[in-house]
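This report describes the arrangement of strands and helices in one protein model. The sequence and structure are shown first, and the description follows.

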Amino acid sequence: MGLTANAIVFDRLTKYYGKRRGLNELTLAIPEGSITAILGPNGAGKSTMMRIIAGMTVPDQGTVNVFGRQPGWERNHLIAYLPDRARWYGGHTVADALEWGERLLPGFNRDRAHQLVSDFKLDVELEVEGMSRGQEARLMLVLCLARDVPLLVLDEPFSGIDMISREQIVLSLIDAFSERKQTVLISTHEIGETESLFDYAVFIQDGRAVLCGEVEELRAQRGSIRDIYRQLFGD
């Protein structure tokens, strides 16, 4: 597909947690306009990488540029970040969450949000505190996907969602991404159902990128993305 310009560039990025390196001189470029899979075993550094991109965590060494500038709160109008778990106020409903999104999230499209709520089979009167893990994951996806911003950063967006619902959501995502010019990063362990989403893939282990490339080229060289994952990390 000939991806050329880069949305995100890491140069020897290192993050310590005590004496352990969460990221170990990570050097990597994410193509602009790509839907990129960030893949690796637990503890590989995927969430740390995403939190740094979103300006939630500061690296100890090295640099990262997001659209040519360092990440931070002043860049958050460009990024929709979905963490691996959200916190909610008691008594708030899905409708309240949408109202909060419209007031506080740059680029929030209320009409799109309501369409996504319908697509993802959420009840607007449902209280968000005490929702199932799958319902919570779907609501967080709604709040991110409803935003017209250049970069979406989704950390394990399918965690807790059953296989049938994942397949339906992936189809909705394919439709959504085909209509917009956004760079999308998705970390996930649900490779089988989501592989059709991606046009670029990054495999991370021990805080380093061990393999990356356009999905079509990787498949031609080494097989499916799930097969490559197994080759690199086992089951």
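Arg138 counts as buried, with a relative accessibility of 16%; buried means under 20% relative accessible area, exposed over 50%, and partly exposed in between, using a 1.4 Å probe and protein chains only. The model is predicted, so local features need pLDDT of at least 70 and side-chain atom pairs count only at pLDDT 80 or more, whereas totals for chains, interfaces and linings use all residues. Residues are numbered from 1 along each chain as its sequence is written, and side-chain values use heavy atoms, with hydrogens and water left out.

Arg138 belongs to helix α4, residues 133–145. Helices (H or I, at least four residues) and strands (E, at least two) are DSSP runs, numbered from the N terminus. Not counting residues up to four places away in sequence, Arg138 touches Phe120, Lys121, Leu122, Ile161 and Ile169, where contact means heavy atoms within 4.5 Å.

Helix α4 is largely enclosed by the rest of the structure, because 11 of its 13 residues are buried. Among them are Gly134, Glu136, Met140 and Cys144. The buried residues of α4 pack against β5, α2 (94–104), α3 (110–119), β6 and α5 (163–178). From first to last C-alpha, α4 reaches 18 Å, close to the 18 Å expected at 1.5 Å a residue; the expected span is 1.5 Å times one less than the number of residues.

In helix α2, the residues Val94, Ala97, Leu98 and Gly101 are buried. These residues lie on the same side of α2, because they cover an arc of only 100° around the axis; the arc is that of the directions from the helix axis to the C-beta atoms. An α-helix has 3.6 residues a turn, so residues three or four places apart point the same way. The buried residues of α2 pack against α3 and α4, while the face turned away from the buried side carries the exposed residues Arg103 and Leu104.

**The two sheets**

Two strands are taken to pair if DSSP finds at least two bridges between them. The model contains an open sheet of six strands and an open sheet of three strands.

| Strand order | Pairing | Average twist from one strand to the next |
|---|---|---|
| β5-β6-β7-β3-β8-β9 | mixed | 15° |
| β2-β1-β4 | antiparallel | 15° |

Strands β6 (residues 151–155) and β7 (residues 183–187) pair in the parallel sense over five bridges, and Leu151 has Thr183 in β7 as its bridge partner. Helix α8 (residues 225–233) packs on this sheet, touching β3 (35–39), β8 (200–205) and β9, and its direction makes about 15° with that of β8. Axes are lines fitted to C-alpha atoms, for helices over the stretch in contact, and angles run from 0 to 180 degrees between N-to-C directions.

Strand β1 (residues 6–17) runs antiparallel to β4 and is joined to it by five bridges, with Asp11 opposite Thr63 in β4. Helix α1 (residues 46–53) lies across β1, β2 and β4, at about 120° to β1.

**An exposed loop residue**

Lys181 lies in the loop between α5 and β7 and, at 85% relative accessibility, counts as exposed. Lys181 and Glu214 are 33 residues apart in sequence, and their C-alpha atoms are 18 Å apart in space.
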